[in-house]
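The sequence and structure are shown first.

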Amino acid sequence: MRDDKRILAGVVVPDTELVRRAIEYAERVYEPYLFNHVVRSWLFAVTLARIQDIKYDSEVVALGTLLHDVTLNTSFRGPRRFEVEGADIARSFALDAGVSDSRAQLIWDSVALNSTPSIGLYKEPEVALCTAGVCLDVVGLQYDRIPAADRKAITDAYPRLGMKRKMTSCFCHMVEAAPETTYDNFLRDFGMRYVPGYEGPSSVDFVMNAPFES
């Protein structure tokens, strides 16, 4: 990996062929609000790494954050939860670009676990940073770690564009289109609150109905 750099919204990020290809791909596949979200997530992740002096693979973090929502759209139909479907796409993108298997797997983990901080934050630095950047932008996790001026520079450069409303609409569509992919993740909460008639099975029933005598 070459050590080329550039500055986005005051944040020093890698400027390699691989990262440029990921940005170009992201611009093609995302709606504007989602493109801004993934870039903010990347910049927040990089900023958190700088503040905490974390050593990490900068290209892996770039691809993990930039590609983490490639299946968050109204065409999603499963058959697996959207993070896993997206992780496969991100890993294929990386492998096709010549990334090693081990680095591509870190990208897969970063995408698959981006909305599961109870696991992702305790994985490798790259996975943890991707999770942290995404969760900061979506729910404000570790919001106060980043100085207000730095947060403002990032959100001014990449505005939120009504993300809460648009993301909620997309989540609800995915619940309606592929409810079986929502029962064990955060989409279930959106289904329970906003989608009439949505009802997920209980983990208690899974345990009690297991095909064993006791």
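## Second largest pocket

Strand 2 provides the largest share of the lining of the second largest pocket, with 4 residues. The model is a predicted one. Strand 2 spans residues 11-14, and together with helix 2 (32-52) and helix 8 (148-157) it belongs to the elements that each supply at least two residues of this lining.

The volume of the second largest pocket is about 280 Å³. It is lined by 15 residues, of which V11, V12, V46, R50 and Y56 are the closest to its centre. By class, the lining of the second largest pocket consists of 9 nonpolar, 3 polar and 3 charged residues.

## Largest pocket

The largest pocket holds about 440 Å³ of space. Its lining is made up of 21 residues, and those closest to the centre are V138, V139, M167, F171 and F186. Two or more lining residues come from each of helix 7, helix 9 (163-177) and helix 10 (187-194).

Among the elements, helix 9 makes the biggest contribution to the lining of the largest pocket, giving 5 residues. The lining of the largest pocket divides into 13 nonpolar, 5 polar and 3 charged residues.

## Packing of helix 3 and helix 7

Two packed helices are described by the angle between their axes and the distance between the axes. For helix 3 (residues 58-66) and helix 7 (residues 125-139), the angle is about 40° and the axes are 9 Å apart. The crossing of these two helices is right-handed.

On the side of helix 3, the contact is made by V60, V61, G64 and T65. Helix 7 contributes E126, L129 and C130 to the contact. By class, the residues of the contact between helix 3 and helix 7 are 4 nonpolar, 2 polar and 1 charged. Helix 7 is also one of the elements that give two or more residues to the lining of the largest pocket.

## Overall fold

The chain contains 11 helices and 2 strands. Along the sequence, the pattern is β-β-α-α-α-α-α-α-α-α-α-α-α. The radius of gyration of the chain is 18 Å, close to the 17 Å given by the globule rule for 214 residues, so the chain is as compact as a globular protein of that length.

Taken along the principal axes, the box filled by the C-alpha atoms of the chain is roughly 60 × 35 × 30 Å.

Technical notes: Residues numbered from 1 in each chain as written. Predicted model: local features only at pLDDT ≥ 70, side-chain atom pairs only at ≥ 80, totals over all residues. Heavy atoms only, no water. Axes fitted to C-alpha atoms, helices over the stretch in contact; angles between N-to-C directions. Left-handed = near helix turned anticlockwise from the far one by under 90°. Contact = heavy atoms within 4.5 Å. Nonpolar A, V, L, I, M, F, W, Y, C, P; charged D, E, K, R; others polar. 1 Å grid on protein atoms, 1.4 Å probe; cavity = no way out; pocket = protein on both sides within 12 Å on 5 of 7 lines; lining within 4 Å. Points joined across faces, edges and corners; volume = space filled by probe spheres on them. Rg over C-alpha atoms; globule rule 2.2 N^0.38 Å.
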